[in-house]
Amino acid sequence: MGVIYLIPIMNTIKRNIIFTLENRKKDNILIVENVPIRMRVIFANNRIDFSTGYRIDVSKWEKDRERVKNGCTNKLKQSSSDINTGLSDYYSCMQNIFKNFEAQGFIPSAEQLKKEFKTAIQSESAEESTSKKIDFIAVIDEFTTEMGRQNNWTDATFQKFTTMKKHLKSFNPNLDFDFFTESGLNDYIIYLRDDKKMRNSTIEKQLSFFKWFLRWADKKGYNKNKAYEFFRPKLKKAPKTVIFLTVEELTKLTNCIIPDKKQYLERVRDVFLFTCYSGLRYSDTYNLKKNNVKKDHLDFITKKTGDRLIVELNKHSESILEKYKHINFEENKVLPVITNQNMNVYLKELAELAEINEPVSETHYKGNQRIDIVRPKYSLIGTHAGRRSFVCNALALGIPAQVVMKWTGHSDFKSMKPYIGIADSIKADAMSKFNTI
């Protein structure tokens, strides 16, 4: 490498610093989208182009101002304010370099200017990184607190993000946002698959939670790493098996003789059957109070979505309410609903007692490995099977999907699609059809 000579000067160094879009062509056609922004420095018969690291569409660039048009964003969702601030910082940095050379009384060579600019940028980046060291886990806690209050999260939702934080801490206790490049995100997925033994569908859920957090951190200014926006791993999935009870199985459950030593199962059965004939979620059944029960319908606000639902009663749901009408439960509740965890355990015991043991095949993937499992149906029954049973049997009775959605609170047909595929026949169009069972 040759020796760099500095030319002595007496006054200021004449220079021109401008920002312009790079002229790029593809197949002899000028590219107008996602075009790099260059900083051009002209001085002492030199013209040097520096990369700013920013890109923008031609239509969003103001040539006269040499800045991005107000209110615009690029493909990385960087705002005009952020980009223009970055360009101004580059301009100030370059001016300071020239002032330093002026103070020394020399005009730099092109190579010297490039070297000084690179050193200045690296120094600023390191200084900024040191001064703004972010506690990754503390940011997760801030996200959880803010989003939980803003969206009125349930305990279950808080638990999901507590679990996400636990996985991230066990994956790497010294994480920062810069780690999660495409490579880092892939490493995390491999960890969930190999160390946590998660199936692909579970990994996909964890990734969706994590991306939600990263998007929030991006808006708050904590996360400058945009790799998550383009990260879409291919995770093989099999259609989820919808577990519900047919009319015949509901009859078996209803007529099942419960042994004297297991009378605790009677109330579990009543609560579960109520969900099968009303379509209520477990959480809404748990919170249902006497003032929600009207003459021929239920009127309540759902816990999950905050929607007001009016659900007509049929002879099955009405008879269960009548059975407990004169019993005073805590908080004026209408049914003897136990915890979700305990109820799930007892439901499997009850369904086994009722001989609901049809073999059910389930398929899932871990990475590229396909895993098929066959289990008796009773082992798969949980509280949500009641709501699924209501939807599937309602559709099978011929009740239109849009009517069922009014009762269940489903907001779109996409969520109803799995159930619609199960319904075999269409015969009628009203809730009273349940009275034929």
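The model is predicted: local features need pLDDT of at least 70, side-chain atom pairs count only at pLDDT 80 or more, and totals for chains, interfaces and linings use all residues. Residues are numbered from 1 along each chain as its sequence is written, and side-chain values use heavy atoms, without hydrogens and water.

**View 1. Helix H5 (residues 182–194) and its buried face.** Helices are DSSP runs (H or I, at least four residues) numbered from the N terminus. H5 has 13 residues and spans 18 Å from first to last C-alpha, close to the 18 Å expected at 1.5 Å a residue (1.5 Å times one less than the number of residues). Gly-184, Leu-185, Tyr-188, Ile-189, Tyr-191 and Leu-192 are buried (under 20% relative accessible area, 1.4 Å probe, protein chains only). Down the axis of H5, these buried residues fall within an arc of 155°, so they line one face of the helix; the arc is taken from the directions from the helix axis to the C-beta atoms.

**View 2. Asn-200 in helix H6 (residues 200–220).** Asn-200 is buried, with a relative accessible area of 1%. The Asn-200 side chain reaches the backbone nitrogen of Gly-367 at 2.8 Å. Leaving aside neighbours within four places in sequence, Asn-200 is in contact with Leu-235, Lys-236, Tyr-365, Lys-366 and Gly-367.

Notes. Helix = DSSP H or I, 4+ residues; strand = E, 2+ residues; numbered from the N terminus. Buried < 20%, exposed > 50% of the residue type's maximum accessible area, 1.4 Å probe, protein only. Polar contact = N/O pair within 3.5 Å; in protein donor to acceptor, adjacent residues only side chain to side chain. Contact = heavy atoms within 4.5 Å.
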